[in-house]
Amino acid sequence: MYENIIVIPYRNREKHLEYFITNTVPLIQRYLPNSKIVVVEQNEGKLFNRGALLNVAFREYKNKTKYFFTHDVDINPTLECIKDYYMREVDEVDVMGIYTSQANTLGGIIKIQDSTIHKINGFPNDIWGWGSEDKALQNRVEYYQIKKEENLTNKEEHPNFLLRFNDVDDRIRSNYHINHNKQYNQFKHLSKEQKLEVIMSSGLNNLKYTIVERRMVHDIVEIIKVDI
């Protein structure tokens with residue numbers, strides 16, 4: 001049983017992953033003992049699907065950890081950040097947004113209990129391309145009345161807490177407006193019953209994936225390459 005599984009959704013960011021393993025993993029090993037980093041790598045051929053990749057790790061490590069972190073590969077915490085935020089306890093009825101978007105949705109880095117992410121059915125599996133999966137998770141958290149704690153946001157720089165790379169823009173926005181409209185505009189106007197129907201229509205309960213390769217690249221870093 002792990003204390004923490006830190007999940008990185010990933011594709012074609014070799015330099016960022018190398019930096020993370022070299023600089024951030026030693027801090028995690030020292031200050032967050034009994035943790036594992038799980039890099040879920042999406043195979044080529046489809047638009048990137050951040051939510052489904054995170055769901056793969058939630059499924060693979062269900063009942064094998066107390067906490068999950070969702071963690072983008074281009075964000076690296078300082079020691080101060082790890083001590084102030086990563087090490088905090090989070091209750092079953094809470095989710096901690098360590099580093100979130102300007103809209104205060106649940107992207108970037110969050111910490112949540114294993115039981116809580118499964119209660120809300122994880123992320124939708126049908127958000128292909130960039131954007132809106134973080135709002136979808138916020139919608140699910142709010143539906144189940146999970147308290148959302150917000151801390152650092154990308155409204156400003158946080159040099160004492162984070163090093164973030166902005167040297168790659170590979171966001172494919174072809175589905176952005178459709179996904180944005182569903183999660184930001186349509187969902188809030190649904191009835192309680194309709195919201196639950198949407199939540200249960202796509203998520204951990206019907207996730208489909210094939211593991212292409214699974215390997216350890218460091219003492220505590222596993223890469224799971226998948227077709228989704």
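**Aromatic rings in a predicted model**

Student: Where does the charged end of Lys64 sit?
Tutor: Over the ring of Tyr61, 5.8 Å from its centre. A charge counts as over a ring when NZ of Lys or CZ of Arg is within 6 Å of the ring centre and within 35 degrees of the ring normal. This is a predicted model, with local features needing pLDDT of at least 70 and side-chain atom pairs pLDDT 80 or more, while totals for chains, interfaces and linings use all residues. Residues are numbered from 1 along each chain as its sequence is written, and side-chain values use heavy atoms, leaving out hydrogens and water.

Student: What lies over the face of Tyr67?
Tutor: Lys111, at 4.2 Å from the ring centre.

Student: Ring pairs now. How many aromatic pairs are there?
Tutor: The count is 7, for rings of Phe, Tyr and Trp (its six-membered ring) with centres within 6.5 Å; planes under 30 degrees apart are stacked, over 60 edge-to-face, the rest tilted. One of them is Tyr2 with Tyr61, edge-to-face at 6.3 Å centre to centre and 70 degrees between the planes.

Student: How many residues apart are Tyr2 and Tyr61?
Tutor: 59. Tyr2 is in strand β1 (residues 2-10), and Tyr61 is in the loop between α2 (50-60) and β3 (65-71). Helices (H or I, at least four residues) and strands (E, at least two) are DSSP runs, numbered from the N terminus.

Student: Is Tyr61 buried or exposed?
Tutor: Buried, at 5% relative accessibility. Buried means under 20% relative accessible area, exposed over 50%, partly exposed in between (1.4 Å probe, protein chains only). Tyr2 is partly exposed at 27%.

Student: Which residues form one aromatic cluster?
Tutor: Phe58, Phe68 and Phe123.
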